[in-house]
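Subject: A structure for you to look at

Hello,

Here is the structure I promised to pass on.

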Amino acid sequence: MALPKDHWAHVDAASLPHLVSEIIPGPKSEDLNRRGMAHMIGYSSQVKLFPVAFERGHGVTLTDVDGNTYIDFSSGIYVTTLGHCHPKVSEAVARAAHTLMNCHDFNTPVKVELLEKLAEIQPWDLTGMQLYDSGTTAVEAGLRVCRAATGRHEFISCYMDFHGKSGHAVSLGRMNESNGPGRSQGFYLVPRPDPYRPMFTTADGAIDTDAYLSFYADYIDVATTGQVAAFVLEPVQGWAGSIFPPDDFFPKLRAFCDERGILLMADEVLTSMGRTGTYFCMEHWGVAPDVVTVGKGFGNGFPVTAMLVSEKHKEAIERISASTSYGGNPMACAAALASIEAMEEEGLLEHALELGEVMLARMREIKAAHPIVGDVRGRGCLLGIELVKDRATKEPFEEAGRAVYRRAFEKGVAWVPAWHILRMSPPIVMTEEVALKGLDIIEEAIDEVEGEMC
Ligand SMILES: Cc1ncc(COP(=O)(O)O)c(C=O)c1O
């Protein structure tokens, strides 16, 4: 569904990007970064690789402090799904800020409306809820609920998954030197099917989902104490580079878990609320999880997240001391409720799906024209381009990943790096014209870097 010309986020593609500085990042960005970085330590690679400082955002554009306007292919970091400063969301937050900012976890009209709206849009029986202020906190609560519901304590998650940066959340993901003594006890990682880099294949080279599942069965047998509470997974691995599983993976994993009394927890912090063209990404495979976490685009930039638990297990929430200082505050609830209503009113789920198809078709053309592009993938507005040194060996091309990220940013596309994988998460209010303009710029950057490095 094309967005109408009078849509609030409409912008003429021909006017973008609008770059005015001689060198980008410009002098004001440089000055602000010097001052900010004198104190704040530990910026993400997104910032370190391209230290620009932003002043404002409107819809699908970001403007830096030097007056350069970029096409936004990042939505912050998968957060401003409905575009920057959606009027309905901003007004709802402002209204709440002038009415009541916090009353701990007492009910308020807006909170109850949000809970009822969430119950209405979730397609399964996830009727037990708790609200939080970060994805990590929601994930931690989800783990505690799985333990309380099953009386078991172990967790299985997957290579390259990302679930946050607290003690247990990091134990669900890839370890590195920043994780001190390492994984907490009772946390185990297994490979999951990556269609571009499969570990188990059939004789004819197709991805062999059954082989993954039989590996899981053996692994649980030998590595765990048999007390696995839940499989915890991202439906699509976002941080790892927009990696979509094959369509038979989640239905088979659901059956696998059911046979063993293991819960299925879908961490939808990144993938939910329109990002892939549905409220919940698991809807694509018709698989109902027992526990779901929601975040990022949920409040379109306002820090609000949620944990949803199935009817069968929701009483377990009572046993985890679930409430927090900020969870469910009126401003957060207003932001989330207005975001869902805006998605409904503007038909944005359908638009996200269609936009994703248009973008993927263009990305396939880019792949056909450029040998360093090993794979392109995506659904809705969650997309990725994987760069390789050699299509036969699939050796990751990290230097090219960094160079293409920077080059495209200099040319006016704000986006997200991940080693040799370039991640794209445009706001779902982007028009095809603007999205294609952004992809033209990305192709130009790939072309130049390929010319220089190959
Ligand atoms: C799948 C997933 N889970 C959890 C988190 C943690 O969310 P937050 O940064 O809001 O704590 C993230 C953040 O990127 C994520 O992608």
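Let me begin with the ligand: by class, its shell has 5 nonpolar, 7 polar and 2 charged residues. In this count Ala, Val, Leu, Ile, Met, Phe, Trp, Tyr, Cys and Pro are nonpolar, Asp, Glu, Lys and Arg are charged, and the others, Gly among them, are polar. Ser134, Gly135, Thr136, Gly164 and Val269 come nearest of the 14 residues around the ligand, where a residue is near if its C-beta atom, placed from the backbone, lies within 6 Å. Helix H6 (residues 135-150) gives the largest share of the shell, 3 residues. Helices here are DSSP runs (H or I, at least four residues), numbered from the N terminus.

Two notes on reading all this. Residues are numbered from 1 along each chain as its sequence is written. The model is predicted, so local features need pLDDT of at least 70 and side-chain atom pairs count only at pLDDT 80 or more, while totals for chains, interfaces and linings use all residues.

The protein chain is divided into domain 1 (1-73) and domain 2 (88-345), with bounds from an automatic or database domain assignment. Their C-alpha centres lie 30 Å apart.

Next, a helix pair. Helix H4 (residues 87-97) packs against helix H10 (residues 330-345) at about 155°, and their axes are 8 Å apart. Axes are lines fitted to C-alpha atoms, for helices over the stretch in contact, and angles run from 0 to 180 degrees between N-to-C directions. H4 is therefore roughly antiparallel to H10 (the term covers angles over 145 degrees). Among the residues that meet are Val89, Ala92 and Val93 in H4 and Met331, Ala334 and Leu337 in H10; contact means C-beta atoms, placed from the backbone, within 7 Å. By class, this contact has 12 nonpolar, 1 polar and 3 charged residues.

Serine 75, in helix H3 (residues 75-78), has a positive phi, near 50°. Most residues other than glycine have a negative phi, and most peptide bonds are trans.

Happy browsing, and do write back with any questions!

Key. Helix = DSSP H or I, 4+ residues; strand = E, 2+ residues; numbered from the N terminus. Parallel < 35°, antiparallel > 145°, perpendicular 65-115°, else oblique. Contact = placed C-beta atoms within 7 Å.
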